[in-house]
Amino acid sequence: MKKGILTVLNIVVGAIAGGLVTERITSKKNKEMSEIHKKVHELYMAFDQWLQIRQEGKTLAEYFTRNGYKTVAVYGMRELGERLCDELKDSDITVSYAIDKNADSIYAELNVVTPKEELVPVDVIVVTAITFFDEIEAELSGKVDCPVVSLIDVMYEVQTGED
């Protein structure tokens, strides 16, 4: 009789422990997926806003010209960073270099450095890693003397015509 009760008790305890472990793994996976979903949504919204700007006959170069910025460093060489470099290529704005944590694995026409390296002075650094702007701005603000701006703010100012 005792043996039967212990067996049932072991099964119940094992089931509860298994359920807790499964819940923990599922919760962690759901959190990761939620973060990925948020990042993809922000990227989608940024490209939508950029398309609206282009459909209005405007370019992001207007922001830099209006603010007297002639040389730019682009932080983040994924989709938004590549498109920004492409857009500024045929303008009076010079993209001096790019900054990316994964500089060693990025192929680009311009020099790509890590944020830990010495950053050549430019008029402005544009952060295209929009999800992480606050952390990147904090990291760079003590290291450079130029403004560090978010690509989202650049697009907003071009779209609204505000400074």
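## Aromatic cluster, cores and sheet: a guided tour

By the ring-pair rule, the count comes to three aromatic pairs. Rings of Phe, Tyr and Trp (its six-membered ring) pair if their centres lie within 6.5 Å; planes under 30 degrees apart are stacked, over 60 edge-to-face, and the rest tilted. This is a predicted model: local features need pLDDT of at least 70, side-chain atom pairs count only at pLDDT 80 or more, and totals for chains, interfaces and linings use all residues. Residues are numbered from 1 along each chain as its sequence is written, and side-chain values use heavy atoms, with hydrogens and water left out.

**Stop 1: the aromatic cluster.** Select Tyr-63 and Phe-64. Their ring centres are 5.1 Å apart and their planes stand at 90 degrees, so this pair is edge-to-face. Tyr-63, Phe-64 and Tyr-69 form one aromatic cluster. Tyr-63 and Phe-64 are both buried, and Tyr-69 is buried too. Buried means under 20% relative accessible area, exposed over 50%, and partly exposed in between (1.4 Å probe, protein chains only).

**Stop 2: the nonpolar cores.** A nonpolar core is a set of buried Ala, Val, Leu, Ile, Met, Phe, Trp, Tyr and Cys residues joined through side-chain atoms within 4.5 Å. The largest core has 29 residues; select Leu-60, Phe-64, Leu-84, Val-126, Leu-151 and Val-154, which touch the most other members. At least two residues of this core come from each of helix H1 (2-55), helix H2 (61-66), strand E1 (71-75), helix H3 (79-89), strand E2 (94-99), strand E4 (124-127) and helix H5 (151-160). Helices (H or I, at least four residues) and strands (E, at least two) are DSSP runs, numbered from the N terminus.

Centre on Leu-151. Beyond four places in sequence, Leu-151 touches Trp-50, Leu-60, Leu-80, Leu-84, Val-126, Val-127, Thr-128 and Ile-130. Contact here means heavy atoms within 4.5 Å.

Stop 3: Switch to cartoon. Five strands form an open sheet in the order E3-E2-E1-E4-E5, with parallel pairing. Two strands pair if DSSP finds at least two bridges between them. Strand E3 (112-113) and strand E5 (148-150) are the edges, each pairing on one side only. E1 and E2 pair in the parallel sense over five bridges. Pick Thr-71: its bridge partner in E2 is Thr-94.

Next, show the helices on the sheet. H3 lies across E1, E2 and E4, running at about 160 degrees to E1. Helix H4 (residues 133-141) touches E1, E4 and E5, and its direction makes about 170 degrees with that of E5. Axes are lines fitted to C-alpha atoms, for helices over the stretch in contact; angles run from 0 to 180 degrees between N-to-C directions.

**Stop 4: Glu-87.** Select Glu-87 in helix H3. Is Glu-87 buried or exposed? Glu-87 is buried, with a relative accessible area of 15%. Its side chain reaches the backbone nitrogen of Leu-60 at 2.6 Å. Leaving aside neighbours within four places in sequence, Glu-87 is in contact with Trp-50, Arg-54, Thr-59, Leu-60 and Ala-61.

**Stop 5: Ser-96.** Finish in strand E2, at Ser-96. Ser-96 is partly exposed, with a relative accessible area of 33%. Ser-96 and Ala-73 are 23 residues apart in sequence and 5.7 Å apart in space, C-alpha to C-alpha. Contacts of Ser-96, leaving aside neighbours within four places in sequence, are Thr-71, Val-72, Leu-110 and Val-122.

Conventions. Polar contact = N/O pair within 3.5 Å; in protein donor to acceptor, adjacent residues only side chain to side chain.
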